Amino acid sequence: MAQYTREKMKKLIKKRKVKSLIKALTFMRGETFVWDKPPSGDKFDPNYHIVKGSLKGHKEYVEHYGIRMDAAEALGEIGDKQAVEPLIDAAENDNLFCVRSAAAEALEKLGWQPDNSVAGAVYWVDKCKWDKCIELGDVAVEPLIHDFVWGVSSNRVNIAKTLAKIGGPAVDALIETLNKWLKEYLGMVGLAAMKGIDPTKGLGVLMLESFSGMNDLLKITAWGLSWTGDERSVEALNKAITSFKGAFSTLKSDALFMGYTRAEFLGPELEESLEKLKKSIAGA
């Protein structure tokens with residue numbers, strides 16, 4: 001794949017290079033940066049980290065999705081119809097909602113009308129048209145959850161209410177998301193504790209930042225489940241709380257990582273979501 005930079009994008013946009021801009025829509029799509037162990041073996045070097053794919057850190061990550069956003073916005077302004085299908089693909093499949101919404105905005109400028117597709121759901125989520133999302137039902141669940149987790153916090157109450165009104169598939173998707181975040185969070189905490197990683201150096205600093213972010217994702221997803229009024233959500237939150245307590249009770253005190261301290265605050269927050277959910281069901 002061709003390499004793109006923000007400076008190169010400025011030149012392509014100025015010259016209206018539609019085909020190159022279309023290719024830029026998929027530049028490094030799906031790549032994330034995750035902490036991992038060195039390829040040399042099990043021994044950790046606190047000043048060393050590697051990441052999935054070719055991304056070296058957060059700055060590069062932001063640069064790459066910024067390129068995709070630039071491409072989408074430019075294609076909307078240029079107005080060439082050959083960009084419609086690639087933009088639909090970006091709206092449906094990019095791993096970041098900011099890129100997906102940029103693609104939906106560009107599609108609108110190209111005369112595309114939102115339909116019953118995932119791209120249509122992305123468009124209505126971006127426009128905060130929650131009634132339209134409810135009408136779409138199942139199709140809107142994934143874009144709603146994507147924006148619920150990664151989007152602006154001011155939309156979360158309305159998205160939670162919308163997901164609750166959609167019901168069934170939305171509950172399943174939230175439970176799946178909760179389990180995913182819980183597994184990743186507990187895995188990171190356990191790894192840090194076992195390896196005795198120094199939280200003030202290298203990998204420790206990076207993992208601590210991830211702890212904070214993962215903590216927020218867990219809280220947000222649990223909070224979303226608390227709005228559903230569904231018995232399956234009660235069961236899922238109960239299991240999450242049990243897994244959480246079980247994992248932390250097995251950690252040795254001499255292997256504490258700073259993220260463990262933060263985790264002590266997360267347990268009660270999961271329980272608060274469960275209690276809110278139980279009360280909503282009892283009052284229904």
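The model is predicted, so local features are taken only where pLDDT is at least 70 and side-chain atom pairs count only at pLDDT 80 or more, while totals for chains, interfaces and linings use all residues. Residues are numbered from 1 along each chain as its sequence is written, and side-chain values use heavy atoms, with hydrogens and water left out.

Select Leu21, which is found in helix H2 (residues 18–24); helices here are DSSP runs of H or I with at least four residues, strands are runs of E with at least two, and both are numbered from the N terminus. Leu21 is buried, with a relative accessible area of 0%, where buried means under 20%, exposed means over 50% and partly exposed lies in between, using a 1.4 Å probe and protein chains only.

Next select Asp70 in helix H3 (residues 58–78), which counts as buried at 18% relative accessibility. Not counting residues up to four places away in sequence, Asp70 touches Arg6, Met9 and Ile13.

**The largest nonpolar core**

Which residues have the most contacts inside the largest nonpolar core? They are Met9, Leu75, Leu87, Leu144, Leu178, Tyr185 and Phe244, in a core of 79 residues. Helix H10 (residues 168–195) gives the most to this core, with twelve residues. A nonpolar core is a set of buried Ala, Val, Leu, Ile, Met, Phe, Trp, Tyr and Cys residues joined through side-chain atoms within 4.5 Å.

**Salt bridges**

Select Arg100 and Glu142, which form a salt bridge with their closest N and O atoms 2.8 Å apart. Arg100 lies in helix H5 (residues 97–109) and Glu142 in helix H8 (residues 138–150), so the pair ties together parts that are 42 residues apart in sequence. A salt bridge is a side-chain nitrogen of Lys or Arg within 4 Å of a carboxyl oxygen of Asp or Glu, and by this rule the count comes to 15. Arg100 is buried, with a relative accessible area of 1%, whereas Glu142 is partly exposed at 39%.

Move on to Glu271 and Lys245, another salt bridge, whose closest N and O atoms are 2.8 Å apart. Glu271 lies in helix H13 (residues 258–282) and Lys245 in helix H12 (residues 231–249), so this pair ties together parts that are 26 residues apart in sequence.

For the last stop, select Phe97, Asp147, Trp150, Gly151 and Val152, which, among the 15 residues that line the second largest pocket, lie nearest its centre. On a 1 Å grid over the protein atoms alone, a pocket is an open set of points where a 1.4 Å probe fits, with protein on both sides within 12 Å along at least five of seven lines, and lining residues have an atom within 4 Å of a point. H5, helix H6 (118–126) and H8 each supply at least two residues of this lining.

Key: Contact = heavy atoms within 4.5 Å.
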